[in-house]
Amino acid sequence: MSTSPCGLLMVVSSPSGAGKTTLCRRLLTEHPELTFSVSYTTRPARPGERDGKDYHFVSDDTFTQMVEAGAFAEWNWVHGRRYGTGLETVRQALAQGRRILLDIDYQGAARILAVFADSARLVFILPPSLAVLESRLRGRQTDSEDVITTRLNKARHEVGQYPMYHYLVLNRELEAGYRELRAIYQAELARAEGRSAPEDDAALAHSCLTTERGALAERLLQGDEA
Ligand code: ADP
Ligand code: 5GP
């Protein structure tokens with residue numbers, strides 16, 4: 001599988017409720033050159049979600065046929081449902097040197113990193129604490145009590161995957177979290193285009209490197225504030 005040196009795959013993951021969708025939507029709105037990779041899923045649409053925009057909502061049979069046809073760059077079970085990234089979407093984007101944002105879980109991120117090592121940049125969004133994560137999941141009012149419990153039980157394990165990611169964003173206060181994500185994107189965009197990033201972005205992005213701030217994730221794992 002060939003990759004273009006100037007393509008950029010920004011892979012963003014987080015435990016459910018950390019604010020990944022909120023931050024990514026804003027980045028996409030402010031950066032029209034960035035294309036969202038619309039995943040396929042067998043889970044039902046939530047109120048307000050649109051087929052083809054948020055996800056391609058497909059049946060179990062269709063998903064199975066796509067797996068057998070080799071249509072996915074990666075796919076996985078997440079919270080009891082299947083989710084996958086279309087291989088053609090990623091291939092075409094890279095061939096055209098486009099910028100693409102993938103909102104996928106840590107298993108998918110690992111696979112994308114293995115297959116598209118030159119172009120993939122992995123960002124993990126951290127909540128300020130696991131208690132805040134719980135209150136955000138409840139406040140969102142989109143999931144049943146069972147689903148919330150499953151997602152919280154998985155959160156610690158997901159945060160434990162942080163060393164695989166290039167960058168960590170702390171989404172405590174929304175504006176600060178967004179500034180970090182945007183700076184990382186600007187820094188990586190500059191790298192993909194072979195130019196220097198603006199100094200402020202470069203400095204902020206550097207401070208978000210996992211090598212610089214892994215201690216935040218470690219504190220979360222110990223049950224403390226990040
Ligand atoms: P995810 O996509 O990671 O599951 P969402 O973007 O849906 O998370 O955010 C979960 C909930 O938390 C939403 O109701 C969202 O409005 C809220 N939220 C996101 N970021 C923040 C923040 N920094 N401060 C307070 N609430 C937030
Ligand atoms: P949600 O159901 O809340 O939209 O997403 C649940 C989880 O599935 C999130 O962690 C999200 O990042 C992940 N996810 C969404 N699309 C994909 C995909 O195509 N592949 C993988 N591996 N995970 C995905």
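**Close-up 1. The salt bridge between D103 and K20 in the predicted model**. The closest N and O atoms of D103 and K20 are 2.9 Å apart. Because D103 belongs to strand β7 (residues 99-103) and K20 to helix α1 (residues 20-30), the pair ties together parts that are 83 residues apart in sequence. D103 counts as buried, with a relative accessibility of 16%, and K20 likewise counts as buried, at 15%.

**Close-up 2. The salt bridge between D143 and R140, and the network around this pair**. Here the closest N and O atoms of D143 and R140 lie 2.9 Å apart. D143 counts as buried at 17% relative accessibility, whereas R140, at 33%, counts as partly exposed. Both residues belong to a network of salt bridges that also links R43, R46 and E49.

Close-up 3. E188 counts as buried, with 6% relative accessibility, while R191 counts as partly exposed at 32%.

**Close-up 4. The packing of helix α7 (residues 174-192) with helix α8 (residues 199-207)**. The two helices pack at an angle of about 110°, their axes 8 Å apart, so α7 is roughly perpendicular to α8. The crossing of α7 past α8 is left-handed. On the α7 side, R179, E180, A183, I184, Q186 and A187 take part in the contact, and they meet D201, L204 and A205 of α8. By class, this contact has 5 nonpolar, 1 polar and 3 charged residues.

Key
Residues numbered from 1 in each chain as written. Chains lettered and ligands numbered in written order. Predicted model: local features only at pLDDT ≥ 70, side-chain atom pairs only at ≥ 80, totals over all residues. Heavy atoms only, no water. Axes fitted to C-alpha atoms, helices over the stretch in contact; angles between N-to-C directions. Helix = DSSP H or I, 4+ residues; strand = E, 2+ residues; numbered from the N terminus. Parallel < 35°, antiparallel > 145°, perpendicular 65-115°, else oblique. Left-handed = near helix turned anticlockwise from the far one by under 90°. Contact = heavy atoms within 4.5 Å. Nonpolar A, V, L, I, M, F, W, Y, C, P; charged D, E, K, R; others polar. Salt bridge = Lys/Arg side-chain N within 4 Å of Asp/Glu carboxyl O. Buried < 20%, exposed > 50% of the residue type's maximum accessible area, 1.4 Å probe, protein only.
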